[in-house]
Amino acid sequence: MRLVDFANWPIATIAIVFVVATLVIFITGTRITYYADRLADATGLGEAMFGAILLGATTSLPGIITSVWTAHLGYPELSVSNAVGGIAVQTAFLAIADMTYRHANLEHAAASLENLIQAVLLVTLLTIPLLAMTSPEFSLLGVHPASIVLLTAYFCGQRLVATARATPLWKPKETRETHLDKPELDHTSKSQIGWLWLGFLVLALLLAIAGFTVAQTGIVLANRTALSETVVGTLLTAIATSLPELVTTIAAVRRGALTLAVGGIIGGNSFDVLFIAAADFFYTEGSIYHAISQQQVFIIVLALLLTGILLLGLLRREKSGVGNIGFESVLMLALYLGGVLVVIAH
């Protein structure tokens, strides 16, 4: 079922609709950061937790809708490429955000135990689809057990993050450049908090609608152009649906909410791995892990590599590299661009 059938529309019109939906995602993603930062202080959740769970999950709405819908319509490579391609590009977005923060290396200034655990959790979650893809094909009622394991591991991991925040056993060393997550004294009334939540939810709904539009137009572009499902998923839909992460990260950095910025990317990426599990539930032809190609494996490994470099940057906490940009940011951006060229050339 399609709310709007783009199949017979002119390709130029479809491209315009794709671009308009992308702009809606871009603008809405910029605005939602304001509500996220206010709610992080007003609710006492803190920037790292709010960024990783609520903001990360909300800005992921366009991506999960795209992966689920394309899987439901029988495009497994497009679905998985969108999911893991989004993780790779969003990690590269941190390098772009690092360029906008001139005081120090972003990974140094946003030191956080929660973000470190989120990064380790992300690496762990990304290995589960790889194990499923390389294991014998098996599904129960059309769903591979790895999808259940992914969901369970994610929620157990978030519980671990919450526990670490409540009773930390160690913390990063504070330096002059460290920007700690200390909620501002907030005098927001209950009615104002209600309006903040309403604004946050309205913007989340707009993101979901725009994401659904990107999914539909992306399928048509894959069918009616020379582009493969992998290229469309990795470069077009993944980047388009990941724009909220880019704009919210840069906006958060400019607002001084550095932990929110890094937490939103890492936590959002952990949530994005669940796109694959969700897609498996909606893919009607068996296990989605065995309906994809080596190109998707390549993208997952690329995402693992970028996350590993980011984790090393968070642990090393280099104050400056090239200017105030950390060497890990330069390396992540270079590796991502190199990976994109490999996908296009394949």
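Reader: Quick overview first: how many helices and strands does the protein have?
Author: The predicted model has 12 helices and zero strands.

Reader: What about contacts between residues at least 6 apart in sequence: how many join residues at least 24 apart?
Author: That comes to 86% of those contacts.

Reader: OK, on to the core. Which residues touch the most other members of the largest nonpolar core?
Author: Those are L126, L150, I288 and Y289, in a core of 78 residues. Helix α10, residues 258–282, gives the most to this core, with 11 residues.

Reader: What does I288 touch, leaving out residues up to four places away in sequence?
Author: I288 touches A71, P76, S79, V80, I276, A279, D280 and Y283. There is also a second, separate core of eight residues, and L78, F212, A215 and A222 are among them.

Reader: Switching to rings: how many aromatic pairs are there?
Author: The structure holds four. One of them is Y154 with F271, an edge-to-face pair at 5.9 Å centre to centre, with 70° between the planes.

Reader: Which helices do Y154 and F271 lie in?
Author: Y154 lies in helix α7, residues 145–166, and F271 lies in helix α10, so this pair ties together parts that are 117 residues apart in sequence.

Reader: Are Y154 and F271 buried or exposed?
Author: Y154 is buried, with 4% relative accessibility. F271 is buried as well, at 17%, because the cut-off for buried is under 20%.

Reader: Which residues make up the aromatic cluster with Y154?
Author: Y154, F155, F271 and F275 form one cluster.

Reader: Now W197 and F200: what kind of aromatic pair do they form?
Author: W197 and F200 are edge-to-face, with centres 6.0 Å apart and 80° between the planes. Both residues sit in helix α8, residues 190–224, three residues apart, which is about one turn of the helix.

Reader: Is W197 buried, partly exposed or exposed? And what about F200?
Author: W197 is partly exposed, at 29% relative accessibility. F200 is buried, with a relative accessible area of 3%.

Technical notes
Residues are numbered from 1 along each chain as its sequence is written. This is a predicted model: local features need pLDDT of at least 70, side-chain atom pairs count only at pLDDT 80 or more; totals for chains, interfaces and linings use all residues. Side-chain values use heavy atoms; hydrogens and water are left out. A nonpolar core is a set of buried Ala, Val, Leu, Ile, Met, Phe, Trp, Tyr and Cys residues joined through side-chain atoms within 4.5 Å. Buried means under 20% relative accessible area, exposed over 50%, partly exposed in between (1.4 Å probe, protein chains only). Helices (H or I, at least four residues) and strands (E, at least two) are DSSP runs, numbered from the N terminus. Contact means heavy atoms within 4.5 Å. Rings of Phe, Tyr and Trp (its six-membered ring) pair if their centres lie within 6.5 Å; planes under 30 degrees apart count as stacked, over 60 as edge-to-face and the rest as tilted.
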